[in-house]
Amino acid sequence: MTDFATARHNMVESQIRTNKVTDTAIIDAFEAVPRELFVPKQLMGVAYVDEDLNLGNGRVLMEPMVFARLLQIALPDSADEVLDVACGCGYSTAILSHLAGTVYGVEQDEQLVSGANERLGSLDVDNAAIVAGDPLGGYIKKAPYSLIVIGGGVERIPESITDQLADGGRLVTILYENGARQGNAVLVEKFGTTVSKRVVFDASVPLLPEFRNEPKFVF
């Protein structure tokens, strides 16, 4: 039988601490959330490997190191109202619930939404909830957000999402810009009406179907 607590600790020690993640609150969050509860039963034995895990329907559970480094550049804190876009099984929402004041996840797949909310409830998470909806639309009902996390690779960051950033807010995701095959972790910041973007590190995660560029018609 797998010792998940030991596997989780080993993940933190060998994948997160050794990859430039130094924020103790982020490290503690990864130590606290049982990742194995957020994957299908057949993947529980590999829940802590250093790879993305395919959840089906265009969703993955992002590799722990990449997600931890994204959070390291966003540095969520208790003052943050967070939108977790395409949150899939809810693992990212659970991690963020340990770091931020309030977290809203948005996910299109209603089965994933239902399962994710059940898991959050079973872990007594009372500052986060996941709603069903088109990830491209965000969750305007609770906007603006001081932090938005998009949980996968994107070829574009639509205005429908950046419009939901508060003044001074930031967004993190993995961007594949201009057809690039290599993704980049980016920090997007909004000040007034100005939205700027900065590449922070190289990263590769599968693209979210909703955030692919529309195919262009060629004569």
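## Charges and model

Lys and Arg count as positive here and Asp and Glu as negative, while His and the chain ends are not counted. Each charge is placed at NZ of Lys, CZ of Arg, CG of Asp or CD of Glu. On that basis the protein has 18 positive and 30 negative side chains. The centres of the two sets lie 4 Å apart.

This is a predicted model, in which local features need pLDDT of at least 70, side-chain atom pairs count only at pLDDT 80 or more, and totals for chains, interfaces and linings use all residues. Residues are numbered from 1 along each chain as its sequence is written, and side-chain values use heavy atoms, with hydrogens and water left out.

## Overall build

The protein has 6 helices and 9 strands. These are DSSP runs numbered from the N terminus: helices are H or I with at least four residues, strands are E with at least two. Along the principal axes, the C-alpha atoms fill a box of roughly 55 × 40 × 35 Å.

Of the 219 residues, 52% count as buried. Buried means under 20% relative accessible area, exposed over 50%, and partly exposed in between (1.4 Å probe, protein chains only). The protein exposes about 10400 Å², and carbon and sulfur atoms supply 49% of it. Accessible areas come from the Shrake-Rupley method with a 1.4 Å probe; for residues, only the protein chains shown count as cover. Among contacts with a separation of 6 or more, 55% come from residues 24 or more positions apart. Contact means heavy atoms within 4.5 Å.

## The β8–β9 hairpin and G183

Strands β8 (residues 183–191) and β9 (residues 194–203) run antiparallel and are joined by 9 bridges. Two strands pair if DSSP finds at least two bridges between them. The hairpin has 2 residues between the strands, and G192 takes a positive phi near 65°.

G183 lies in β8, opposite A203 in β9. G183 counts as buried because its relative accessibility is 0%. Leaving aside neighbours within four places in sequence, G183 contacts I174, L175, Y176, D202, A203 and S204. V21 is 162 residues away from G183 along the chain, and their C-alpha atoms are separated by 19 Å.

## Helix α3

Helix α3 (residues 64–74) is mostly covered, with 10 of its 11 residues buried. The buried set includes M65, F67, R69 and Q72. Just after α3, L75 takes a positive phi of about 45°.

Most residues other than glycine have a negative phi, and most peptide bonds are trans. K20 is not a glycine, yet has a positive phi of about 70°. K20 sits in the loop between α1 (4–16) and α2 (24–32). At 64% relative accessibility, K20 counts as exposed. N178, also not a glycine, has a positive phi of about 55°. The loop between β7 (165–175) and β8 holds N178. N178 is exposed, with a relative accessible area of 75%.

A cis peptide bond joins A143 and P144, with omega about 5°. P144 lies in the loop between β5 (128–132) and β6 (145–154).
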